[in-house]
Amino acid sequence: MSDVMRPVWRTYDPRFEANAIAHVRAGGHAVMRAEPRWWLLLPSDEGMIPELTAWAMLDLGVKGFDEVESGPAAGLLRVMLPKRLREHVMDWCERDAQYETSMVAEALDCQQCAMCCRKNRVLLEPEDEERWTMAGRPELSTAAHVRESQGRRLLRVMRGGDCVHLSGNECSIYELRPDNCRAFPAGSEGCLSARAER
Ligand code: SF4
Ligand code: SF4
């Protein structure tokens, strides 16, 4: 079991922007609601986007962002939020309303959980299959373990949605698991929503 610090989502009326900025400078994520436009105010550390912030943006599917150049929010990221994503971020704010801090420790034990190995879509990169060949495991690239969808190669899933390599709660190819499995961080929004489904 290990504690992962993750950002807390909070919603603000722009009249209270100073509070939002303090929250984001402390590592949190802020949803600014100014009709007709909503935007996110997110942390940045000297131009580097914190990993869980980057994954939240990926989860929302937002690609464009600006760095605020001047004023009290200088250096923070501003992401315009399309209307279709409002409900999604408000769900996160509602989930986090119980926390008073800007970051919260989540006690996560991947070996007890394995929820991101269920009902997922793991895209394979050419490097994954090269790694399997080099390791003398070419069978991992065959149709028993890999499926094709819209021109992409993915890990096969069992009936019910478990990854073909999941054994109990453990990955049977842990040392050889695909790069996309290695990159997925505990504490990300994808992780939290997978766990919420349990
Ligand atoms: S859902 Fe999160 S806690 Fe569970 S195994 Fe995946 S990364 Fe670990
Ligand atoms: S390869 Fe391993 S880590 Fe990746 S989804 Fe399957 S069981 Fe999980």
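**Figure 1. The loop that holds P36.** P36 is placed in the loop between strand 3 (29–34) and strand 4 (37–42); helices (H or I, at least four residues) and strands (E, at least two) are DSSP runs, numbered from the N terminus. E35 and P36 are joined by a cis peptide bond, with omega at about 5 degrees. This is a predicted model, in which local features need pLDDT of at least 70 and side-chain atom pairs count only at pLDDT 80 or more, whereas totals for chains, interfaces and linings use all residues. Residues are numbered from 1 along each chain as its sequence is written, chains are lettered from A and ligands numbered from 1 in the order in which they are written, and side-chain values use heavy atoms, with hydrogens and water left out.

Figure 2. E46 is found in the loop between strand 4 and helix 2. Its phi is near 50 degrees, a positive value in a residue other than glycine. E46 has 80% relative accessibility and therefore counts as exposed (buried means under 20% relative accessible area, exposed over 50%, partly exposed in between, with a 1.4 Å probe and protein chains only). A114, in the loop between helix 4 (110–113) and helix 5 (126–134), also belongs to a residue type other than glycine and has a positive phi, near 60 degrees. A114 is buried, because its relative accessible area is 5%.

**Figure 3. Aromatic pairs of the structure.** The whole structure contains 2 aromatic pairs. Rings of Phe, Tyr and Trp (its six-membered ring) pair if their centres lie within 6.5 Å; planes under 30 degrees apart count as stacked, over 60 as edge-to-face and the rest as tilted. W9 and W92 make a tilted pair, 4.9 Å from centre to centre and with 50 degrees between the planes. This pair links distant parts of the chain, since W9 is in strand 2 (residues 9–12) and W92 in helix 3 (residues 86–96), 83 residues apart. Both W9 and W92 are buried. The pair of W55 and F184 is edge-to-face, because the ring centres are 5.6 Å apart and the planes stand at 90 degrees. W55 belongs to helix 2 (residues 51–60) and F184 to the loop between helix 6 (179–183) and helix 7 (189–196), so this pair ties together parts that are 129 residues apart in sequence. W55 counts as partly exposed because its relative accessibility is 24%, and F184 likewise counts as partly exposed, at 26%.

**Figure 4. A charge over the ring of Y174.** The charged end of R177 sits over the ring of Y174, 3.9 Å from the ring centre. The criterion is that NZ of Lys or CZ of Arg is within 6 Å of the ring centre and within 35 degrees of the ring normal.

Figure 5. The protein is divided into domain 1 (2–108) and domain 2 (110–196), with bounds from an automatic or database domain assignment. Their centres, taken over C-alpha atoms, are 29 Å apart. Domain 1 gives 13 residues to the contact and domain 2 gives 12 residues, contact meaning heavy atoms within 4.5 Å. About 960 Å² is buried between the domains, 67% of it from carbon and sulfur atoms; buried area is the accessible area (1.4 Å probe) that two parts lose on being put together, summed over both. L52, W55 and L108 supply 52% of the area that domain 1 buries against domain 2, more than any other three residues.

**Figure 6. Salt bridge of E189 and R95.** E189 and R95 form a salt bridge in which the closest N and O atoms are 2.8 Å apart. The term requires a side-chain nitrogen of Lys or Arg within 4 Å of a carboxyl oxygen of Asp or Glu. Between domain 1 and domain 2 the count is 1 salt bridge.
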